[in-house]
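Below is a short briefing on one protein structure. Look through the sequence and the model first, then read the points grouped by topic.

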Amino acid sequence: MRVFHSPASALHDPALYFRRGTMVTHPEQADRYAILHQAVSGAHAVTQAGDHGIEPILAVHDAGYVAFLRDTWERRHELPGVDDEVLSGHFSRPHMSKRPEGLLGLIGYYTADTSTPIRAGTWAAIHAGAQIAVDTADTALGEGVAYALCRPPGHHAYADSAGGFCFLNNSGIAARRMQANVAAREGRPARVAILDIDVHHGNGTQGIFYEADDILTISVHADPADYFPYYAGYAEETGAGAGVGYNLNLPLPHGEGDSAFHRAIEKGLERIAAYAPDALVVALGLDASEHDPIGALRVTTRGFEQAAGLIGSTGLPTALIQEGGYLCDALPDNLSAFLAGFEGGR
Ligand SMILES: [Zn+2]
């Protein structure tokens, strides 16, 4: 299958991460790009993504937020003491959410936590990630499937907020792109489903499309009652307004393995079949792995292969968008197994 990537993905390489009162090595490291790239090289047709500009990003994200992401590194001189990373420890909350003017306040206005520092190469990396998603969406419609080696991930990013290592919602960008392409080609409204199998709830994706009935969002993840993202991902969240009934959360008890993972994916696929979309986006996190350093489920490499077979059997044009999946020996094997399993399921 065609794989899209960009060397710019390595330009965002956060150093440390403030977690539970201590600074730890940031789990979302640039090495993920090199390791995943190595896993697909040889087995698949690997192509560097082109540049489709800012429009596909603005189809999903708030213009003020995008400008903030683009300009913050250049404004770093406004913050005394900034070294390699721009980051805030202050965050807006529902009780106080006025947009301030100063840069430090803006950072906390547009970010949810301390996991998304902005560095010299951050904009180049996240802009490239969005372009990878666009090329993957376009190719998946023509060729049936394509894989986006996106890094950093995107599914925790809302229309106007970074968080959970994510800045731009690459899966959401791919979904809107596929929808627009099909609508233009067929001369009618089009519908796309997003199936998120990352171990963490796809809260940003849910938030972006919560009031939409033309993008169905489904997330299979570990129960957020005691796991990131904590404040969303519950079964009772089904959508709002026109979107009621078009968001499905399938939380799993921590420690569950292949069989529960597959059952939840099958439930999601039943909902997708009933929706009859024109195309599918898979938010492909690999951190449900039994070996993932920050995971909470116990999916095996064979389990990922089988899950991919189930998803591939839908026959829908499918954009596979890389989300989470952190450094461990199983990471490249799980990607290879998933891509092989998907092709086997076709
Ligand atoms: Zn994740």
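**Helix packing, metal site and backbone**

The axes of helix 8 (residues 258-275) and helix 9 cross at roughly 15° and come within 10 Å. The model is predicted.

**Helix 8 and helix 9**

- Angles under 35 degrees count as roughly parallel, so helix 8 and helix 9 are roughly parallel to each other.
- Their crossing is right-handed.
- On the helix 8 side, the contact is made by Asp258, Phe261, His262, Ile265, Glu266 and Leu269.
- On the helix 9 side, the contact is made by Gly303, Phe304, Gln306, Ala307, Leu310 and Ile311.

**The zinc site**

- The zinc ion is coordinated by two OD atoms of Asp198, by ND1 of His200 and by an OD atom of Asp287, at 2.0 to 2.8 Å.
- The angles subtended by the 4 donor atoms run from 52 to 153°, so the arrangement is irregular.
- For four donors to count as tetrahedral, all angles must lie between 85 and 135 degrees.
- Along the chain, the donors follow the spacing D-x1-H-x86-D.
- His200 is in the loop between strand 6 (192-196) and helix 7 (203-208), and Asp287 is in the loop between strand 9 (279-284) and helix 9 (301-312), so the pair ties together parts that are 87 residues apart in sequence.
- His200 and Asp287 are both buried.

**Ala279 in strand 9**

- Ala279 is part of strand 9.
- Ala279 counts as buried because its relative accessibility is 0%, and the cut-off for buried is under 20%.
- Leaving aside residues up to four places away in sequence, Ala279 touches Leu141, Met178, Arg191, Val192, Ala193 and Pro317.
- Ala279 and Thr314 are 35 residues apart along the chain, and their C-alpha atoms are separated by 10.0 Å.

**Cis peptide bonds**

- The peptide bond from Arg151 to Pro152 is cis, with omega near 0°.
- Pro152 sits in the loop between strand 5 (145-148) and helix 6 (170-186).
- Phe228 and Pro229 are also joined by a cis peptide bond, with omega about 10°.
- Pro229 is in the loop between strand 7 (215-222) and strand 8 (247-252).

**Positive phi values**

- Tyr230, a residue other than glycine, has a positive phi near 60°.
- Tyr230 lies in the loop between strand 7 and strand 8, and at 39% relative accessibility it counts as partly exposed.
- Ala276, again a residue other than glycine, has a positive phi near 50°.
- Ala276 is in the loop between helix 8 and strand 9.

Terms used. Residues numbered from 1 in each chain as written. Predicted model: local features only at pLDDT ≥ 70, side-chain atom pairs only at ≥ 80, totals over all residues. Heavy atoms only, no water. Donors = N, O, S within 2.8 Å, 3.2 Å for Na, K, Ca; no water. Tetrahedral: all angles 85-135°; square planar, octahedral: opposite > 155°, others 65-115°. Helix = DSSP H or I, 4+ residues; strand = E, 2+ residues; numbered from the N terminus. Buried < 20%, exposed > 50% of the residue type's maximum accessible area, 1.4 Å probe, protein only. Contact = heavy atoms within 4.5 Å. Axes fitted to C-alpha atoms, helices over the stretch in contact; angles between N-to-C directions. Parallel < 35°, antiparallel > 145°, perpendicular 65-115°, else oblique. Left-handed = near helix turned anticlockwise from the far one by under 90°.
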